[in-house]
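Visitor: I am new to this structure and would like to learn how to read it. Please take me through it step by step.

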Amino acid sequence: MRIAAALQDRFIRWALRVRPPEPAPVILTQRRVYVLPTRAGIGYAASLLVMLLGAMNYNLSLGYALTFLLAGLGVIAILHTFRNLAHLSLAPGRVEPVFAGDSARFTLLLHNARADERRQVQLRLAGGMSGIVDVPAHSSAAARLAVPALARGWLALPRVTLDTVWPLGLIRAWAYAVPDMRCLVYPRPTGTAVPPPPTFGGRAGNAARNPQGSEDFLALRGHQLADPPRHVAWKTAARLGADAPLMTKQYADPAAQTVWLAWDVLPTAMPVEERLSWLTRWVLDAHAAGLSWGLRLPGSQLAPAGGEAHLHACLRRLALHGKE
Amino acid sequence: MAKSKSQAITAMQTWWLLAAALSALLPLTPHVPLWLSALALTLLAGRALLNWTNRRLPARGWLILLTFAGSAGVLAQFKTLFGQNPGVALLVLFLALKPLEARTRRDGLAVIFLCYFLVLAQFFFAQSMATAGLMLATIVAVTAALGSLADARARPADLLRRSSLMLLQAVPFMLLLFVLFPRVQGPLWGLPRDAFSALTGLSDSMAPGSISNLSQSDAIAFRAKFGAKVGDTPPRDQLYWRGPVLSEFDGRTWTSERRLPLPRLAYAPQGPAIDYEVTLEAHAKPWLFALELPGQLPPDSLMTGDYQLLAKTPVTARLRYTVASHTAMTAGLDESAGVLRRALALPGDFNPRTSELANGWREKLKTDEAVLDAATRFFLTQGLRYSLTPPLLGQHSVDEFLFDSREGFCEHFAGAFVFALRAAGLPARVVTGYQGGEINPFDGYFTVRQYDAHAWAEVWLKDRGWTRIDPTALSVPSRISQNLAAAVPAGSNVPLMARLDLTLLRELRLRFDAVANTWNQWVIGYNPERQREFLNRLGMRTPDWRQMTATLAVLAGLVLLGLTAWALRQRRRTDAAQRVWLKLGRRLGRRGLPRASWEGPLAYAARIAARFPESATEIRAISALYGRLRYGSLDPVLLDELKTRVTRFQP
Amino acid sequence: MLSPSIRKPLEHVVRATGTVILGKEGQIRLALACLLARGHLLIEDLPGVGKTTLAHALAQLLGLSFQRIQFTSDMLPADILGVSVFDRDSGAFRFHPGPVFTHVVLADEVNRATPKTQSALLEAMEERQVTAEGLTRPLPEPFFVIATQNPSTQIGTYPLPESQLDRFLMRIELGYPDRAAERDLLAGVDRREILAGLQPCLAPEELLAHQKSVRAVQVSEALIDYIQALIAQTREAPDWQAGLSPRAALALLAASRAWAWLEGRDHVLPDDVQTVLPGVACHRLHPAGESIARLSPAEVAARLIEAVPIP
């Protein structure tokens with residue numbers, strides 16, 4: 001069994017021809033597509049042999065014709081199955097980053113430049129994960145392959161086997177491809193019950209709101225001559241009548257809360273991966289709370305900011321810590 | 001790398017399997033016992049109901065029970081489980097039962113293979129063009145079902161289209177293999193005894209009514225092909241196709257003598273010969289037919305002492321042989337005394353009136369010839385009528401025919417004549433066979449049908465040997481000069497093809513016959529000899545299996561190559577203007593300025609203009625023109641202009 | 001082919017604007033195409049490269065009314081749309097139309113205002129009407145907003161969110177003038193004087209008619225295939241976080257039509273699509289991965305174009 005596996009491995013390496021990973025798009029040229037009968041195909045051939053013997057014994061001319069027609073069908077099936085895979089082009093599609101422990105979802109784009117649909121193309125990974133797609137004529141179809149993301153950092157797409165037994169199931173055509181694709185795996189965030197990050201530097205208290213802001217309505221106060229006319233509460237003035245004093249609307253900016261999430265604040269004894277897990281959790285929590293945060297790692301830091309883009313920048317930094 | 005566990009089949013796939021099974025079973029229903037057809041259809045309907053209501057399949061125990069019960073039924077019907085008919089019946093039973101336990105793709109494949117086997121089984125019973133057409137439809141359906149097993153989501157129309165396309169592409173291979181695959185003459189092992197049980201033809205006995213039964217059938221007995229020249233066909237009154245010779249009479253039935261046939265002629269042929277080829281339909285009896293009298297034995301045949309041609313084995317498949325006949329020759333001058341004695345034997349106490357008449361001739365007349373003349377004259381003047389439906393006759397059948405009813409069919413005439421001659425002391429015997437036939441103007445084949453069956457007499461004269469006398473021709477000349485329909489009274493129930501009035505219908509039928517004959521000659525009858533003959537004609541001088549296989553491999557390879565080229569061709573949607581533009585791109589590509597796939601017409605033109613400044617104006621105009629044709633509206637005049645300008649553009 | 005006489009005034013507009021903004025003919029044409037396609041324009045660049053001048057010159061040459069709104073952080077929606085003021089004499093509210101009620105609005109430094117104020121302007125752009133105090137007031141036709149934005153790296157800005165960016169048909173960058181143009185600029189007459197001397201060469205109704213004829217420019221099946229292929233590429237390729245929306249596809253088609261019309265063609269070529277693609281697509285696409293994020297819009301567009309063969 002070991003020898004068989006080794007031989008298969010050698011065959012695949014020879015069959016790929018290109019040193020993986022291959023640049024996009026990967027085109028499955030005819031030299032890369034292999035064809036062999038399936039078990040059903042062998043059964044079909046055996047049936048034909050029996051039919052041929054029957055036709056010979058009974059001198060059934062139409063029996064010969066039937067056997068030969070079905071034999072021709074078998075040959076044609078080879079062509080159709082081969083054609084279903086040959087010249088299919090394979091391009092990497094989108095890969096969203098995932099957290100370690102989840103499944104990385106690789107999207108492969110299969111492009112069919114031919115005027116006939118390619119049906120039932122199966123994509124399989126070494127781990128046994130598979131998906132079946134139909135690729136319409138002059139069009140593309142996306143195949144999604146899930147690979148368990150075990151460790152943070154870059155996860156490359158393993159070798160993909162594309163195979164098909166369409167249209168009759170008698171013949172199997174297959175090809176190997178290793179498209180240049182990788183998925184960014186963020187560190188796995190540690191459990192939710194973690195203490196909040198110790199904050200220091202530039203964190204403003206809740207009370208310290210800037211009353212001269214312009215964003216949120218805060219209160220009404222007596223009108224002063226210097227107040228801009230558009231801050232006058234005209235509706236109130238109208239309700240209260242002409243004699244009432246004018247009122248001015250007061251606005252405040254939301255308090256900008258900034259935290260620093262730093263490598264150093266975690267115990268020195270904590271292993272690297274665990275530290276990264278903690279930091280990841282903190283980054284996620286800070287984002288969920290709508291805070292502005294900065295990230296400080298040994299040798300690099302990201303200035304405080306908020307939002308999706310910053311979140312992903314931080315997670316990326318954590319994922320690739322010590323790996324680039 | 002096959003998966004260890006086969007996939008479960010879907011409801012749609014089950015429908016396909018049922019359709020395939022039905023299309024394979026239905027054409028077989030006339031050929032299997034009625035109860036089996038009913039059982040099979042019920043089982044399929046039951047499976048369809050389970051599929052429809054989405055219910056579970058029956059337990060295995062039930063299926064085993066049904067299998068045993070069905071097999072027992074087949075055993076009871078045929079008394080055996082081996083042989084052709086019980087075999088087909090068992091296959092039908094299995095195909096009806098298998099869908100009831102079809103859960104996985106592998107079971108589905110078993111159903112498909114069974115269907116293909118049953119298509120083959122259909123050819124045991126018929127190999128006509130109609131059967132072939134019907135079976136082709138079945139094959140398309142079964143192949144579509146096979147496709148559905150590989151592609152559960154495909155639409156039925158797509159599956160049928162795909163299966164038709166693939167079968168169409170398989171046809172060249174089929175033709176090549178059919179023509180060139182080295183044929184062997186079966187059977188490879190013993191055929192079961194029940195094969196070919198339902199065939200009609202002449203038998204080796206003749207009683208009143210036995211040949212008139214045959215005259216109701218317009219099935220073809222055999223076809224003959226004479227030489228291409230008109231004069232090669234002998235005149236109608238010489239077209240006596242000799243079959244079983246009957247020389248023993250028990251008062252009612254004439255039977256043939258059981259004597260050992262020998263592999264050589266029983267006489268020395270003489271006189272001019274006519275060459276022709278006979279394609280004999282299977283009739284499950286050993287006799288071969290040839291014009292009187294054959295000048296040589298066809299391969300694998302024997303001849304009896306009474307000049308009857310026999311095949312070594314019963315003719316159970318269409319048989320083709322060439323013969324040369326000497327229509328005007330004398331045989332049997334030196335006939336042995338034993339034979340002559342047997343040709344005089346009569347049972348006592350039958351037909352006293354005829355015996356008396358014959359004795360009268362014998363006593364009055366001196367020579368055998370004179371007796372024969374008297375008998376002939378008697379038949380001419382007795383007012384005998386020809387009828388397809390003669391009255392039933394009693395114990396003295398010859399007497400009743402000659403003196404009372406005076407109405408009969410050829411077996412009455414021949415039987416009575418021979419009886420009379422024997423009673424008068426002349427050795428005579430009844431010869432059965434076919435008389436006449438009809439030339440098909442569309443392929444020149446001479447067609448002899450069952451209604452051409454005939455019986456005549458042969459009398460031995462000292463200086464003329466065995467001489468043919470046709471008593472029917474004496475009384476009813478039109479039977480010989482025209483055919484059956486002309487001889488019988490109007491309103492008789494004559495087979496369609498024998499009637500002379502339905503011209504159009506006859507012509508259509510003749511046309512169809514010609515096609516069917518071609519089919520029989522070249523498709524059904526394509527055996528080792530025909531293969532050798534055909535390949536000879538194609539220029540292969542000594543076709544042996546090695547040569548055939550090599551040719552087959554080369555030609556099949558060529559076909560495969562062509563189909564591969566088709567398979568790998570990338571059909572792109574291009575319009576006329578775009579083709580011209582792409583051509584320009586390819587041409588300039590050879591000069592180091594290829595068009596990038598993403599490059600728009602203006603951008604490409606700008607690049608060309610930069611490289612060839614002197615052609616800048618022209619290429620800009622061309623690209624503007626192309627843009628208008630491709631992305632504006634396609635004006636044929638402008639398209640021609642684009643073509644000429646692109647052709648002329650040689651920077 | 002379109003008759004050249006129709007486009008002549010517009011050619012004049014391009015040339016005359018070119019006398020004010022030196023060496024930027026491409027951008028001027030794009031701006032004009034944007035206007036003809038009834039879209040709004042976002043110019044993102046450093047202060048002082050001529051954004052205001054461009055807007056002003058276009059308005060003046062096309063004979064359109066012009067308003068400039070300088071966005072600040074304390075600006076409120078009412079400052080743009082207008083406000084109902086209580087008239088003590090009549091005892092009723094009276095609507096004071098804001099600066100948005102004009103043909104050409106130059107929304108300067110739009111990312112300095114708060115999101116609330118930004119969205120007020122953008123809603124007006126999209127709906128071409130203003131709803132205040134329960135009354136809907138239509139904006140004049142043609143209505144064209146040129147918004148300018150400082151690069152987001154500058155401090156004190158509220159970058160426009162994606163959904164708002166999508167409302168701009170195009171985003172262009174002016175960039176520094178090249179050396180020769182800058183020399184002409186330094187040596188030549190004061191821009192403000194030339195600007196004041198520009199004469200309108202088109203009536204607003206004529207511009208509306210042109211906008212209408214732009215919509216009649218022919219688009220073939222092959223071209224629609226091409227646009228679809230481009231859009232599909234942005235959705236499928238790993239270069240971008242999210243693909244272009246159907247609205248972006250429509251915008252691309254409209255802009256291509258306007259460009260083809262400006263070029264004097266009655267049909268759209270793939271070249272037209274490729275020309276307007278950086279302006280139309282780049283502000284709607286978000287590069288995935290740092291390598292692409294560092295590319296300029298033109299390079300990003302080139303990457304997209306070169307990945308899609310022309311059908």
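Visitor: How many residues does the contact take from chain B, and how many from chain A?

Guide: Two residues are in contact if their C-beta atoms, placed from the backbone, lie within 7 Å. Here the contact takes 48 residues from chain B and 47 residues from chain A. This is a predicted model, where local features need pLDDT of at least 70, side-chain atom pairs count only at pLDDT 80 or more, and totals for chains, interfaces and linings use all residues. Residues are numbered from 1 along each chain as its sequence is written, while chains are lettered from A and ligands numbered from 1 in the order in which they are written.

Visitor: Which element gives the most to the side of chain B that touches chain A?

Guide: Helices (H or I, at least four residues) and strands (E, at least two) are DSSP runs, numbered from the N terminus. On that side of chain B, H7(B) gives the most, with ten residues. By class, the side of chain B that touches chain A holds 36 nonpolar, eight polar and four charged residues. Ala, Val, Leu, Ile, Met, Phe, Trp, Tyr, Cys and Pro count as nonpolar, Asp, Glu, Lys and Arg as charged, and the others, Gly among them, as polar.

Visitor: What does the contact between chain C and chain A take from each chain?

Guide: Chain C puts in twelve residues and chain A 14 residues. On the chain C side, helix H4 (77–81) and strand E3 (82–87) are the elements that give two or more residues. E3(C) gives the most, with three residues.

Visitor: Where are the cis peptide bonds, and how do I read phi?

Guide: Most residues other than glycine have a negative phi, and most peptide bonds are trans. In chain A, a cis bond joins A:Trp166 and A:Pro167, with omega about 5°. A:Pro167 sits in the loop between strand E10 (160–164) and strand E11 (171–177) of chain A. Another cis bond joins C:Glu141 and C:Pro142, with omega about -10°. As for phi, A:Gln120 has a positive value near 55°, and B:Ala284 has one of about 65°.

Visitor: Is A:Gln120 buried or exposed?

Guide: A residue is buried if 20 or more other C-beta atoms lie within 10 Å of its own, exposed if 12 or fewer, and partly exposed in between; C-beta atoms are placed from the backbone. A:Gln120 counts as buried because it has 22 C-beta neighbours inside 10 Å. B:Ala284 has 14 other C-beta atoms within 10 Å, so B:Ala284 is partly exposed.
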